[in-house]
Amino acid sequence: MTEISLHDSMSRRRRPVRRDATGRVGMYVCGPTVYDRAHLGNARSAVVFDVLFRLLRHVHGAANVLYVRNITDIDDKINARAAETGRSIGDITAETTAWYEEDMAQLGVLVPNKVPRATDHIAEMQTMIATLIAEDIAYVAEGHVLFEVRRAEGYGALSRRSLDDMIAGARVEVAPWKRDPMDFVLWKPSTGGEPGWDSPWGRGRPGWHIECSAMAERYLGSQFQIHGGGLDLQFPHHENEIAQSTACGHAFAEIWVHHEMLQVEGRKMSKSLGNFFTVRDLLDRGVPGEVIRFVFLMTRYSKPMDWTEAKAHEAETTLRRWRAVTKGIEPSATAAAVTEALADDLNTPAALGILRRLAREDPGALLASAQLIGLLEPELGDWEWEVGPGHLIGRPTDVTDFEKDVVHRLVDLRFQAKRDKNFAVADEIRAKLLEHGISIKDTKDESTWHRQTISLNAEEELPEFMASIEEKLGRAQ
Ligand code: AMP
Ligand code: ZN
C-alpha cells in the first residue's frame, strides 16, 4: 500500500498518515464562515483538502476515511451583515451555505462525510466549556467565560511564538474582564437582537475557537489523524483549538496541514486593491470550474499561490487537449507515479507533469489518473462548446449579456470587415479579442468564437474598443 506522508506544521517534519486502531483515517478542516460568497482563497482551501480526501480514499478505501469540514454560522460578521441588510441571520447563513455548496461543486469539490454547523452543536460546546472551568483553566467574568492562556502548557508550540511575541504581534483585545490580554473568549453575553443561547453563564454565544474543538470531538473523537486549514488560521485559531482540546485531555490531531495563501497577479487579494474576486465572479465570467481547479493544482499547497490570467489560459488549453484525447475512452488504471507524487506531501505540480506525459502515451491512464485529482470528470465537462455569431452552440444560459452584446457584435463586425476586404480592421479585432482570451475560428460562411478564459478587464475595455471599430467601419448602431 502506498504510504502518504505530509508535512506536519507542529513537528516541522514529514509524517506518515496512519490509520487508527479501528482502521480509520479522520480529517478535520476548518470550513467557511457563511456571510458572503466564497472568494478564490476559500476555494483554494476547499480544493487542497479535496485532493487529500480523494487520495486518502484511493489509498485507504472510501469506507475508512472520515472527513469533517465545519460551517461557521455564528460570527459577528454574520450579525453585522444581518443588521446591515435587515435580513435574518438564518436566512443569510442558509443562502450563503447553499452558494458555497454550489460553487464548490463547480470546482469538483466532493462533499465531506460530515458538514456540521456550529449552531447545531451549542450543547457540545457548553459541555466542553464546563470541563475547562472545572479544570480551572477557564474562568467566568461578567457573563464571559475566558480561557486562561498562561495556564495552558505548551501554548504557542504550533506557531512557535512566545506569549510575549503573540501579545506584540496579534491584535489582542484588552478588556476589563480579562485577567490577561491573551485570554480568549469561550462564551460571551448576547444582548438585544444578537443570537444567544441559555447557558450556566447567562444568555450568550460561543467564541469562535470552541466550535472546532467541540465538533472535532463529536465526529472524530479525542484523537484523529489530520487537521487542516489555511496558514492564516495557525495562530490564534489552531493554537486555541489545541489548548482547549488538550486541556480536556484529548490527544487531538496527529498531523497539522496548513496551506499557503492565494494572491492575484503577484499581489495580495484584497477588496481595496480591486483584485478581489469570488469563485462566482470567475464562473460568471466564463472561466470553467475545472480550469480554476487546474490552476490551483499547478502550485503545491505549501507554496503561496498566484492566480494569473496566463495560468488560466494554460490550464484551459491543456484541459481542452486532454478532453480531446480521452474522448470516447474508458478510464484504465491510475498511474502509480501519479499516486506517488500525491502521496509525497501532495505534490500536485509533479502529478500534472506526469499527466502531461500520459496525454501523449496512454489516454486511459490519463483519464483515470486525472479523475483521481478531480479533473476530466464527465460532470465538469460541459464548458467545451463554441458560440457562433447570431446563434449559439451549447447552452444559451451560459452566455452572458456581455458576450451577447459585445463579443458577438465584435465577431460580427470582423466578419463584415473581412467580407468588405478590410483586412486591417479584421485583424485588429481578432488580435484584440485574443488579447482578452477569446479566439475566433473562420469557416467559409461564418466566424465562430470560443472563450479561452476571458480576461478580467474585458468587460471594461471591449465596449470602448467596439465603439471605435463601429466608428471606423461607419456602422454605429
Ligand atoms: P474563512 O471563511 O475566512 O473563515 O476561511 C475559510 C477557509 O479559507 C480557511 O481555511 C482559510 O484559511 C481559507 N482562506 C481564507 N483566505 C484565504 C486566502 N487568501 N488564501 C487561501 N486560503 C484562504
Ligand atoms: Zn477551526
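Author: A residue counts as buried when its relative accessible area is under 20%. This is a predicted model.

Reader: Fine. Is Phe252 buried or exposed?

Author: Phe252 has a relative accessible area of 3%, so Phe252 is buried.

Reader: Where does Phe252 sit?

Author: Phe252 is in strand β10, which covers residues 252-259.

Reader: And what is the phi of Phe252?

Author: The phi of Phe252 is positive, about 65°, though the residue is not a glycine. Most residues other than glycine have a negative phi.

Reader: Which other non-glycine residue has a positive phi?

Author: Asp345 has one, with phi near 50°. Asp345 lies in the loop between α11 (336-343) and α12 (348-361).

Reader: Buried or exposed, that Asp345?

Author: Asp345 counts as buried, at 5% relative accessibility.

Reader: Now peptide bonds. Where is there a cis one?

Author: A cis peptide bond joins Phe235 and Pro236, with omega about 0°. Most peptide bonds are trans.

Reader: Which element holds Pro236?

Author: Pro236 lies in helix α7, residues 234-247.

Reader: Switching to packing. Which residues touch the most other members of the largest nonpolar core?

Author: Leu40, Trp307 and Trp322 do, in a core of 71 residues. Helix α1 (residues 40-60) gives this core its largest share, twelve residues.

Reader: What does Leu40 contact, leaving aside neighbours within four places in sequence?

Author: The contacts of Leu40 include Leu262, Met269 and Phe277, and also Ile292, Phe296 and Trp307.

Reader: What does the second core include?

Author: The second core is separate and has 42 residues, among them Tyr28, Phe147, Cys212 and Ala216.

Reader: Now the whole chain. How many helices and strands?

Author: The chain has 16 helices and 17 strands. Its C-alpha atoms fill a box of roughly 85 × 55 × 35 Å along the principal axes.

Reader: How much of the chain counts as buried?

Author: Of its 477 residues, 54% are buried. The accessible surface comes to about 20500 Å², and carbon and sulfur atoms account for 49% of that.

Reader: What share of the contacts with a separation of 6 or more comes from residues 24 or more positions apart?

Author: Such pairs make up 74% of those contacts.

Reader: Last one, charges. How many positive and negative side chains?

Author: There are 58 positive and 72 negative side chains, and the centres of the two sets lie 4 Å apart.

Conventions: Residues numbered from 1 in each chain as written. Chains lettered and ligands numbered in written order. Predicted model: local features only at pLDDT ≥ 70, side-chain atom pairs only at ≥ 80, totals over all residues. Heavy atoms only, no water. Core = buried A, V, L, I, M, F, W, Y, C linked by side-chain atoms within 4.5 Å. Buried < 20%, exposed > 50% of the residue type's maximum accessible area, 1.4 Å probe, protein only. Helix = DSSP H or I, 4+ residues; strand = E, 2+ residues; numbered from the N terminus. Contact = heavy atoms within 4.5 Å. Areas by Shrake-Rupley, 256 points an atom, 1.4 Å probe, with all protein chains shown as cover. Lys, Arg positive; Asp, Glu negative; His and termini not counted. Charge placed at Lys NZ, Arg CZ, Asp CG, Glu CD.
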